[in-house]
Amino acid sequence: MNAALLLSGGVDSSVALVRLQEAGARVTAFYLKVWLEEELAGLGDCPWQEDLEYAREVCDQRGVALHVVSVQRDYLESVLDYVVQELRAGNTPSPDLMCNRHIKFGVFADRYADGFDVIATGHYARITQTIDGPRLLTAPDPVKDQTYFLAYVNALHLERAVFPIGDSSKTRIRSEARANNLPTRSRPDSQGICFLGRISYREFVRRRLGVIPGVIVERESGRVIGEHPGHYFFTVGQRQGIGLGDGPWYVVDKDAVDNQITVSRTPEDYLRRTFAVSSANWINGSRIGPVGKSLQVQVKVRHGSELHQCRLERTIVPGQAVVHAESALTVAAGQFAVLYDEDECLGGGVIKPLPS
């Protein structure tokens, strides 16, 4: 097996490299550079150079060639611009899903992975190739499971995907890293959004969209009770950083056109049992079924271990469905709903809240 491995400089992808070698694969490692010096200059430090140095040390130790691939322009257009457009429209973007779809399993797969049998990453997920196409399965560790972030990857690209560590816990991966004396064995897990590094997300938003004062309105009375620096600094369900006393207050609605946010002391005001899913990517379309079919599945509305029972109905509009959840959920326009059938990730799409 001739494997192209996306090496991040962290412990997960490092152990993935070791496991590929132990399985007899011929491994070539690639480091994807996405850091945008000009666009993000002055906002803080990104550890990409440190990441790259660790990746080089791992490859030197394991006798593997490492290629540094710049996808900065593609990242700007496919991920960074998407984030800004969604924020400006009043939505809550999901950059990590777009990175996996358009960069790791998009630009890289199409432009740099010719001649390789598989594309491997250090994601905590499992995949099974069948005659009907790939089946994306959850990792045994529900806390580390990353299928939520992979749910928007095109099924054609998943046909070449391999996740060597997807069947293991983080504790096991750390143990293997120590046993192999990998340079990354003690590196802490990365946190935050992929393109920001150590930069404050709020500062990134301020740099790209500026400060545009608007009013905060109380839902119950309709009174103006405060001001905010821009609707794009807030998301539905937020309760921290609103700047109001006598709380707790919850953001229950946003108006991007009038640059207004609406708050309430009652969290139930933003909860939804029914919401639409648009621009859906179905990894296992046959499991979803035809238009009009009702399917009992589980849904995640954010990354994490929490699954919610729901009923999914496909509509006549291509790529659209309606989710009827058994319990009320916090959903915001632009976030992703990812559907599961037990341990299989069926895919997902963009949340469009319906009127309450």
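Asp343 and Arg126 form a salt bridge, with their closest N and O atoms 3.4 Å apart. A salt bridge here is a side-chain nitrogen of Lys or Arg within 4 Å of a carboxyl oxygen of Asp or Glu. Asp343 sits in the loop between strand S16 (336-341) and strand S17 (344-353), and Arg126 in strand S5 (residues 126-130), so the pair ties together parts that are 217 residues apart in sequence. Helices (H or I, at least four residues) and strands (E, at least two) are DSSP runs, numbered from the N terminus. Asp343 is partly exposed, at 33% relative accessible area. Arg126 is also partly exposed, at 28%. Buried means under 20% relative accessible area, exposed over 50%, and partly exposed in between (1.4 Å probe, protein chains only).

The model is predicted: local features need pLDDT of at least 70, side-chain atom pairs count only at pLDDT 80 or more, and totals for chains, interfaces and linings use all residues. Residues are numbered from 1 along each chain as its sequence is written, and side-chain values use heavy atoms, with hydrogens and water left out.

A second salt bridge links Lys300 and Asp145 (3.4 Å, N to O). Lys300 belongs to strand S13 (residues 294-300), while Asp145 lies in the loop between strand S6 (133-137) and helix H6 (147-150), so this pair ties together parts that are 155 residues apart in sequence. Lys300 is buried, at 3% relative accessibility. Asp145 is buried too, at 1%.

Arg311 pairs with Glu313 in a salt bridge, the closest N and O atoms being 2.2 Å apart. Arg311 is partly exposed, at 27%. Glu313 is partly exposed, at 27%. Elsewhere, salt bridges that share partners join Arg19, Asp167, Arg172 and Glu176 into one network. The whole structure holds 14 salt bridges.
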